[in-house]
Amino acid sequence: MFRLTAALALLAAPAFAQGPVVEPCGDATRADTIAEPWEENTASFGEGRIRVALLDMIEPAGGAFRLLIVSPPHDEVGFRQCRVVQADNGLGFYNLDFAGHEASYDPEQGLVLSLPAQRYTDGDPDDGWYRLSVTIDQQTGEITTGTAEE
């Protein structure tokens, strides 16, 4: 009985999500993955010091979208840090409504960006929407995420 319970708990583990994650840009983060049209899927903040773009990796279809963030601090060569926000399952988001983004500035936290995000569901394609928030602290370089149900 204990083994059956443990096995079922492991199968259910993915349902207890940790939330979106922020990772350094890697080789898969290429300019040609910025969602078209660029002028509708990119934005700059803080007098151009912070740049944000919607990435469409095309595959996997259930999690192809990610959020690219280029922001201070700068490295020793002068490049800004590059980070990618993706869903908690190691994949991207099923959908990100970049046109629906809102931005505000909190002097104690930094730039707070929020936008509608969608996780993949097996049911109704209109289900799974929530609000993704990303806070970018230009001073420390820390980028944190949060979610709230829509």
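**Figure 1. Secondary structure of the predicted model.** The protein contains two helices and ten strands; helices (H or I, at least four residues) and strands (E, at least two) are DSSP runs, numbered from the N terminus. Along the sequence the pattern reads α-β-α-β-β-β-β-β-β-β-β-β. Residues are numbered from 1 along each chain as its sequence is written, and side-chain values use heavy atoms, with hydrogens and water left out. Because this is a predicted model, local features need pLDDT of at least 70 and side-chain atom pairs count only at pLDDT 80 or more, while totals for chains, interfaces and linings use all residues.

Figure 2. The average pLDDT (the predictor's confidence in each residue, from 0 to 100) is 85 for the protein, and 87% of the residues score at least 70. For residues 1-16 the pLDDT is below 50, and this stretch has zero contacts in the model beyond near neighbours in sequence; contact means heavy atoms within 4.5 Å. Of the contacts in the protein with a separation of 6 or more, 44% are between residues 24 or more positions apart. Among the 150 residues, 35% count as buried, where buried means under 20% relative accessible area, exposed over 50% and partly exposed in between (1.4 Å probe, protein chains only).

**Figure 3. The five-stranded open sheet.** The strand order is S1-S5-S4-S3-S2, with antiparallel pairing; two strands pair if DSSP finds at least two bridges between them. Strand S1 (21-24) and strand S2 (42-45) are at the edges with a single partner strand each, so one side of each has no neighbour in the sheet. From one strand to the next the twist averages 25°, with axes taken as lines fitted to C-alpha atoms (for helices over the stretch in contact) and angles running from 0 to 180 degrees between N-to-C directions. Four bridges join S1 and strand S5 (residues 80-86) in the antiparallel sense. Valine 22 is opposite valine 85 in S5.

**Figure 4. Strand S4 and its two partners.** Strand S4 (residues 65-74) is mostly covered, with seven of its ten residues buried. Strand S3 (residues 50-56) pairs with S4 in the antiparallel sense over six bridges, and aspartate 56 stands opposite phenylalanine 65 in S4. S4 and S5 also run antiparallel, joined by six bridges; serine 71 has glutamine 81 in S5 as its bridge partner. Five residues separate S4 and S5 in a hairpin, and glycine 78 in the turn has a positive phi of about 115°.

**Figure 5. The disulfide between cysteine 25 and cysteine 82.** The structure has one disulfide, defined as a pair of cysteine sulfur atoms within 2.5 Å. The sulfur atoms of cysteine 25 and cysteine 82 are 1.9 Å apart. The torsion about their S-S bond is about -75°, so the disulfide is left-handed. Cysteine 25 lies in the loop between S1 and helix H2 (38-41) and cysteine 82 in strand S5, 57 residues apart, so the pair links distant parts of the chain. Cysteine 25 is partly exposed at 24% relative accessible area, and cysteine 82 is partly exposed at 26% relative accessibility.

**Figure 6. Surroundings of glutamine 118.** Glutamine 118 lies in strand S8 (residues 110-118) and is buried, with a relative accessible area of 3%. A polar atom of the glutamine 118 side chain is 2.7 Å from the backbone oxygen of aspartate 127. Beyond its neighbours within four places in sequence, glutamine 118 contacts residues including Phe93, Tyr94, Asn95, Pro125 and Trp129.

Terms used: Polar contact = N/O pair within 3.5 Å; in protein donor to acceptor, adjacent residues only side chain to side chain.
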